[in-house]
Amino acid sequence: MRILVAGSAGQVARALAESSHPGFTLKTFGRPELDLEKPETVKAAFNAFQPDIVINAAAYTAVDKAESEPEAAMRLNADAPALLAKLSAASGAPILHLSTDYVFAGDKTSPFVETDPVDPAGAYGRSKLEGERRVAATNPKHLVLRTSWVHAPYGSNFVRTMLRLAETRPELGVVADQQGAPTYAPDIADGLLQIVARIASGSSAPWGVYHMASGGSCVWADFAEYVFARSAAEGGASAKVNRITTDEYPTPARRPANSRLDCGKLRSDYGVALPDWRSGVDRCVARLLEQRRVT
Ligand SMILES: NC(=O)c1ccc[n+]([C@@H]2O[C@H](COP(=O)([O-])OP(=O)(O)OC[C@H]3O[C@@H](n4cnc5c(N)ncnc54)[C@H](OP(=O)(O)O)[C@@H]3O)[C@@H](O)[C@H]2O)c1
């Protein structure tokens, strides 16, 4: 089974490259070898690698910047996935496409299920939703996997930002009225590879849209407090968290108040359930502090 991963330096792409995948040949493709804005490079990568399955881990992920660059977000999050879906469909290869909790407006009090109405609040969410639709319309063998609040010991994410800010600030204001599930990129990689193994085994499971995020949920302020508790326990940086409202921390893009994803469908159809969010934070912080000790 040859797995082509679109993206190489991003959190999920890098976690996939680092993961153990015995029996599979997995290759991540990043710029300039595969540039999603240059279709000829995408076609060349497919021709050279001849994938049996495609994972799209590349995206325009700058949620706030997307408000001023909606066309760029649409090119990377909708046009590019449509091309990946077209090229994979041409050879009968399934595509696993990552999407986001931000396709929902957040105006529900319980976790969102896959059939809940979508209504993205910003340009990023709209571009990701369009990507979902175009992948689904282009390759019948598709899985759209919505995840949330991704973090890793590398890349641009909340855990690294909190620990960096705590180096110089004793107190931080963190939003306490948006709920979601921090999801560790290596756990997403494991989940994707479990799904690939299931597809490779030939045992049937339905294509379609699935939610794949960590177990449990919290607000950003809880997330920050937990990061600092873990860090302090291991001798790392820590800060006091002041709980603030979304209105007190205005951003160009509006975030959903509720981003919680019900992941029961993935568990029942594919037998995949990601660990609790605290477990991912434990491993992320431990690895970051270990890296710091080594360097
Ligand atoms: N980050 C989150 O909190 C979050 C939350 C929910 C869902 N998601 C979804 O999860 C998936 C993975 O996100 P992530 O956090 O791993 O993203 P990320 O760390 O921001 O990485 C994005 C990747 O896309 C690549 N990319 C951007 N423009 C490209 C282009 N023109 N050609 C080829 N590659 C390009 C980047 O390459 P360079 O390194 O070269 O720029 C990078 O490897 C995405 O679909 C995202 O929408 C993320």
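**View 1. Val 174 and its contacts in a predicted model.** Leaving aside neighbours within four places in sequence, Val 174 is in contact with Phe 158, Met 162, Trp 220, Ala 221, Ala 224, Val 241, Asn 242, Arg 243 and Ile 244.

**View 2. The nonpolar cores.** The largest nonpolar core holds 57 residues. Val 174, Phe 223 and Phe 228 have the most contacts inside this core. Helix 3, residues 70-90, gives the most to it, with 8 residues. A second core is separate and has 32 residues, including Val 5, Tyr 210, Tyr 270 and Val 272. In soluble globular proteins, nonpolar side chains tend to be buried together.

**View 3. The shell around the ligand.** The ligand is surrounded by 25 residues. Gly 10, Arg 31, Thr 61, Tyr 124 and Lys 128 are the closest. By class, the shell comprises 12 nonpolar, 8 polar and 5 charged residues. Helix 1 (11-18), strand 4 (95-100) and helix 4 (123-138) each supply at least two shell residues. Strand 4 provides the largest share, 3 residues.

View 4. Taken alone, the ligand exposes 900 Å², and the protein buries 83% of that.

Conventions
Residues are numbered from 1 along each chain as its sequence is written. This is a predicted model: local features need pLDDT of at least 70, side-chain atom pairs count only at pLDDT 80 or more; totals for chains, interfaces and linings use all residues. Side-chain values use heavy atoms; hydrogens and water are left out. A residue is near a molecule or strand if one of its heavy atoms lies within 4 Å of it. Accessible areas come from the Shrake-Rupley method with a 1.4 Å probe; for residues, only the protein chains shown count as cover. Helices (H or I, at least four residues) and strands (E, at least two) are DSSP runs, numbered from the N terminus. Ala, Val, Leu, Ile, Met, Phe, Trp, Tyr, Cys and Pro count as nonpolar, Asp, Glu, Lys and Arg as charged, and the others, Gly among them, as polar. A nonpolar core is a set of buried Ala, Val, Leu, Ile, Met, Phe, Trp, Tyr and Cys residues joined through side-chain atoms within 4.5 Å. Buried means under 20% relative accessible area, exposed over 50%, partly exposed in between (1.4 Å probe, protein chains only). Contact means heavy atoms within 4.5 Å.
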